[in-house]
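The following exercises concern a complex of protein chains.

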Amino acid sequence: MSVILEVVCPRLLGPAVMVAAAMIVKGYGDVGDGFSAGVVVALAVALRYVTLGAERAERSLPALRFAPAVAISGLLFALAIGFFPVILGEPPVTHYPRAGDPVVEIGTLELTTAVAFDVGVFLLVAGSLVELVHQLARLVEERRP
Amino acid sequence: MLAWSAVASATVAFIACLAGWLAGGGAVEVAWAPTLGLHLDLAFDGLSALYALLATGIGALVFVYGAGYLPWHLEHLPRPHRDAWRFWPWMVFFMGSMVGLACARDLVLLFVFFDLTAVASYFLIGFDRDRDARGAALMALLVTGVSAVAMLVGAVLLYNAYGTSSLPELFERADSGPTTTAACALIAVAALAKSAQAPLHFWLPRAMAAPTPVSAYLHSAAMVAAGVLVLGRVHPLIAKSDAVLDLLLVVGLVSIGVGGVLALAQDELKQILAHSTISQYGYVVTLYGIGGATAAGAAALYVLAHAIAKSALFMTAGAVTVTTGETRLSRLGGLGRRLPALAVASGIAAATLAALPLTLGFFKDELFFSAASEHGRPVQLLAVGAAALTVAYIGRFWLGLFVGPLRARPHERVPPLLLAPVAFLGLLALVGGLVVEPFARLAGDAAEVTQSGAVEVAPAYHLDAGTANVMALAAWALGALVLLTPRVRDPLVRAVGRLGQIAGPRRWYALSLLGLNRLSDWAHDKEVRDLRNSITAVLVPAAALIALAFAATPTRGSYDVGSIALGDLPIIVLLGLGALAALTAARDKGRLRPVLALSVLGFALAGVYAMVGAPDVALVAVLVETVLALVFVGVFARLPPTTLRRPRRRARNAAIGSAAGAAAFAAIWGALSRPTATAGVAAEHIDRTPDAHGGDVVTVILADFRGLDTMVEITVLAVAVVGVASLLSRGRAW
């Protein structure tokens, strides 16, 4: 890989996270959701793997090893958001505030449970894809002569 | 420690169930998905009380026994002591699912608990992990699990016809039409397979590969009892169809015969008892087939008495094996003087099964005979024959173990933990023979649910020449005759056993499993021999199906050419670019260039999506294309240069590709020619999006309108990742 790629690719992670954050913050009112945001982050990580190789990529970004934990907590969070209305006697995946009720807004971010659900999806997708990249990269590295 | 917490949980559950029964029961109903009519509808009525008390009470005793047995079993194999963790949690889970099944009043819920017991039994039967145990566990799971699907089909039939899967509502709404008959027959098939009734009985003797406490529990209060529990639960529905009742009657009588005769042919202790279970549940099924208040009461008391006796007998067999090291009846004998307490306790249990007076078992046969007499002479005669068989095989079992010359010398005394549960159950059977009222009350409460009406279960000793007494005397005499003439009996039962081996259902099971495996291997071999075959396996059937649809549907007017406006120019340019990229990808012989060409194609299409007003699809398409390109680049960068050779058989590839492409073209053209449907669900989604505080319809659909789907999908994603991790690195997450 060329030097330019090696320098540029690792630095794309920051912007990618920003884009992902923007997708979630704007998400419910505009195009893009937790799934896309998760893929964007995972893409930036995958780019590091491709340019640096699995070992260097993971050494330079030790936080990656929390990917499985992030994925699982994202799943549990999303499921919790989906099922807590059952406790209140509503069908699952009832979102609050209900239709017609006022929504608290911080900038463009709307504080609804649907957005929280989306955050769970984001964490799950990002964590799962990074985990997949890790597993596949390890496989490729081991097969190398 | 683990074992005793299991015992404690079973004891607490038993006390809770007992208190619940004495307090008159209760019901819980939680709407799970009301729009689909799915409710968590649990009720603790008489039938629940009977089976829950059995599952927890027999469970507690079996767990005590297991606390003594499992350490010996693990040492004997040998396996580490921490493997107890693979045993006790499943036992408790088994008990829990059985209690849940006992309380379920909804067909779908019944199916769920039904399968949970199958799952628990799978892990428990396969506990020893050798070839035999694995095969046995798989057989039990396949036979009971596959037939359980019949129950679900029956539930769906009833739901479609009457709009509910709740049993109390179905009892009111269902008529005795063909739908009810078909659904009941399907449910009965599932229940009969679970209760090991002929011809699906063969899994049960195989399941003896399980450790003895599992067998004792499985045969008396869990797994096998689940089948007759379901029959008892849905009986008001079954009673609407005479055909299903007759089916039950025939299957029950055949099972009594098959199980009883085969029990006489067996030499291994647990095998005798396993075949006896087939026969004993045959009685219960026969009683449900007879129908009516007397039979319902008899069936409930039968289940109760049988559970007490059978668990005691299984634990006896295990205790004998632990102390002597022998498992075969022909190598055992005369243990009565060496192990007197075990002999007496199991003797009472055997007497209970053989329905001798002064035991609880006498009453089960008294009621059975009364019910059979009500149904006519043929059934009455068959009932006597059945009881005679029972006397014969259980007499052979007990006498062979404890009477006669001493063959195998016991190494030690029976450990107290193995003896105490047997003694307790023997005592219970004796108490039941003297004071039958509490047992009769429990059976009566259960029968009232089965019968949906008042049932009086009042067994008692009548010192007269009544029908039941005469039948009992005849049965004992006939049984003693069979027992005392081994020279006539043995060749006969061995011949039946051999016939079963040659042409029995177990052989059919093995053959069909073998055939399925071969078919699967063949298809697998064809498909995955190389990557091109895998792709062909997707493309060719797709093309063929579309060609079929093309031939079957009228095509006049459904292919529209349309017109091109000036504003469409960017789309046309992008599509042209895509077409060029596709040609390049197909023609180029390099490695990286076709991949890049594919990316160009993907991005061009994403651009088209963005222009025709599907920005969400465009976003996802861009992301997916990027991922694909990156994966290709990442893999190619690490492949040795010689790996990708020029593909052979280019002509075949071209033909397959063209066929699939043409089919896709035809399908998409046809789809685009239709006027876009804006009415219906899509329009409603758009209308309601502001209500959900959203601006983007697709996002709102994913997170809100179809949020339940999304939840299932993300769960599937997580499971898939776990699967990848376990395949690639044996479950290590990182």
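This is a predicted model: local features need pLDDT of at least 70, side-chain atom pairs count only at pLDDT 80 or more; totals for chains, interfaces and linings use all residues.

**Exercise 1.** State what confidence the predictor assigns to the complex and to chain B.

*Solution.* Begin with the complex, for which the predictor gives an ipTM of 0.91 and a pTM of 0.77. Next, take chain B as a whole: its average pLDDT is 88, and 98% of its residues score at least 70. Confidence is lowest in strand β1 (residues 26–33) of chain B, with a mean of 77, and highest in helix α3 (residues 88–103) of chain B, at 94.

**Exercise 2.** Describe the fold of chain B in terms of its elements, extent, burial and contacts.

*Solution.* First, list the elements: chain B contains 30 helices and two strands. Second, consider the extent; the C-alpha trace of chain B spans about 105 × 60 × 50 Å along its principal axes. Third, turn to burial: of the 734 residues in chain B, 46% are buried. Last, among contacts in chain B with a separation of 6 or more, 77% join residues 24 or more positions apart.

**Exercise 3.** Which elements of chain A give two or more residues to the side that touches chain B, and what classes of residue does that side have?

*Solution.* Start with the contact count: 44 residues of chain A are in contact with 39 residues of chain B. The elements of chain A that give two or more residues to this side are α3 (34–52), α5 (67–87) and α6 (113–143). Of these, α6(A) gives the most, with 13 residues. By class, the side of chain A that touches chain B has 26 nonpolar, ten polar and eight charged residues.

Methods
Residues are numbered from 1 along each chain as its sequence is written. Chains are lettered from A and ligands numbered from 1 in the order in which they are written. Two residues are in contact if their C-beta atoms, placed from the backbone, lie within 7 Å. Helices (H or I, at least four residues) and strands (E, at least two) are DSSP runs, numbered from the N terminus. Ala, Val, Leu, Ile, Met, Phe, Trp, Tyr, Cys and Pro count as nonpolar, Asp, Glu, Lys and Arg as charged, and the others, Gly among them, as polar. pLDDT is the predictor's confidence in each residue, from 0 to 100. A residue is buried if 20 or more other C-beta atoms lie within 10 Å of its own, exposed if 12 or fewer, and partly exposed in between; C-beta atoms are placed from the backbone.
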